[in-house]
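Subject: Handover of a structure, with findings

Dear colleague,

Please find below the structure that I am handing over to you. My notes on what was found in it follow directly after.

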Amino acid sequence: MAKKKTTKKRSVRKTSRKAGHKRPVPGWIILVGGILFGLLLATFIYVKGWVPQPISHPDQPVPGQTQTQGKPVEDVSQTVKKKKNDYDFYSVLPEMEVVIPKEELKQHAARDTKKYSFILQVASFKNLKDAEELKARIAFSGQIAHIQSIDVNGTQWHRVRVGPFESGREADKQKRALEGNGHQALILKETL
């Protein structure tokens, strides 16, 4: 009959600390040490005479003591009359009126009539294939992108754009949707 070998299991004691690591200092020890250090520093400053002395003014009253000066208090309530305001809103306002020339008003109105559109530019590539790839990824996120090809200093660039949008708010909303899908975009304002 064969004897079974019995192996003795050794229990390994696990410690929460690794070798070479010290326990952190408790917070209350740091607090008490800081207070003691502050008191020691304050005592040192006081002993050296570096604490400024309060300035005493003889003409200022001291709290807790009554003044015994014989100077009477004057009653000025009857001498002071309520002053009527020196101005009247309805008379001052017409005096302050500023006349704006008609030419300036026309120029301002002409500036306000300009219409703008907002476009999101997602990227710009030299390679058309990369631009088409990004356009497809944007399409999968539910937005319609288009590619604009331009020539910059003899180099052909392909811009991937989304839009146009009538308002900046709508452009910002679409930009956030693109950023949610991992695309960075710039909002461009173009005059119509």
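The model is predicted, so local features need pLDDT of at least 70 and side-chain atom pairs count only at pLDDT 80 or more, while totals for chains, interfaces and linings use all residues. Residues are numbered from 1 along each chain as its sequence is written, and side-chain values use heavy atoms, with hydrogens and water left out. Helices (H or I, at least four residues) and strands (E, at least two) are DSSP runs, numbered from the N terminus.

Helix 1

Helix 1 comprises residues 27–48, 22 residues in total, and reaches 32 Å from its first C-alpha to its last, close to the 32 Å expected at 1.5 Å a residue. The expected span is 1.5 Å times one less than the number of residues. Because the number of buried residues in helix 1 is zero, this helix lies largely in the open. Here, buried means under 20% relative accessible area, exposed over 50%, and partly exposed in between (1.4 Å probe, protein chains only).

Helix 4

Helix 4 has 13 residues and spans 19 Å between its first and last C-alpha, close to the expected 18 Å. Its buried residues are Ala131, Leu134 and Ile138. These fall within an arc of 65° seen down the axis of helix 4, so they line one face of the helix; the arc is that of the directions from the helix axis to the C-beta atoms. Lys129 and Phe140 are exposed on the face turned away from the buried side of helix 4. The cover over the buried residues includes strand 1, strand 2, strand 3 and helix 5, contact being defined as heavy atoms within 4.5 Å. At the start of helix 4, a side-chain oxygen of Asn127 comes to within 3.1 Å of the backbone nitrogen of Lys129. Just after helix 4, Gly142 has a positive phi of about 100°.

Gly182, with a positive phi near 90°, follows helix 5. His183 is found in the loop between helix 5 and strand 4. His183 is buried, with a relative accessible area of 10%. Not counting residues up to four places away in sequence, His183 touches Val122, Leu134, Arg137, Ile138 and Leu178.

The strands

Strand 1 and strand 4 pair in the antiparallel sense over six bridges; two strands count as paired if DSSP finds at least two bridges between them. Ile119 stands opposite Leu188 in strand 4.

Strand 2 (residues 145–152) and strand 3 run antiparallel and are joined by eight bridges. The two form a hairpin with two residues between them, and Asn153 in the turn has a positive phi of about 50°. Arg159 in strand 3 is the bridge partner of Gln148.

His158 is found in strand 3, and at 8% relative accessibility His158 counts as buried. Its side chain makes a polar contact with the side chain of Ser149 at 2.8 Å. A polar contact is a pair of N or O atoms within 3.5 Å; within protein, one must be able to donate a hydrogen and the other to accept it, and residues adjacent in sequence count only if both atoms are side-chain atoms.

The nonpolar core

The largest nonpolar core has 14 residues, of which Leu120, Val122, Ile138, Val160, Val162 and Leu178 touch the most other members. Strand 1, helix 4, strand 3 and helix 5 are the elements that give two or more residues to this core, and strand 1 gives the most, with four residues. A nonpolar core is a set of buried Ala, Val, Leu, Ile, Met, Phe, Trp, Tyr and Cys residues joined through side-chain atoms within 4.5 Å.

Yours sincerely
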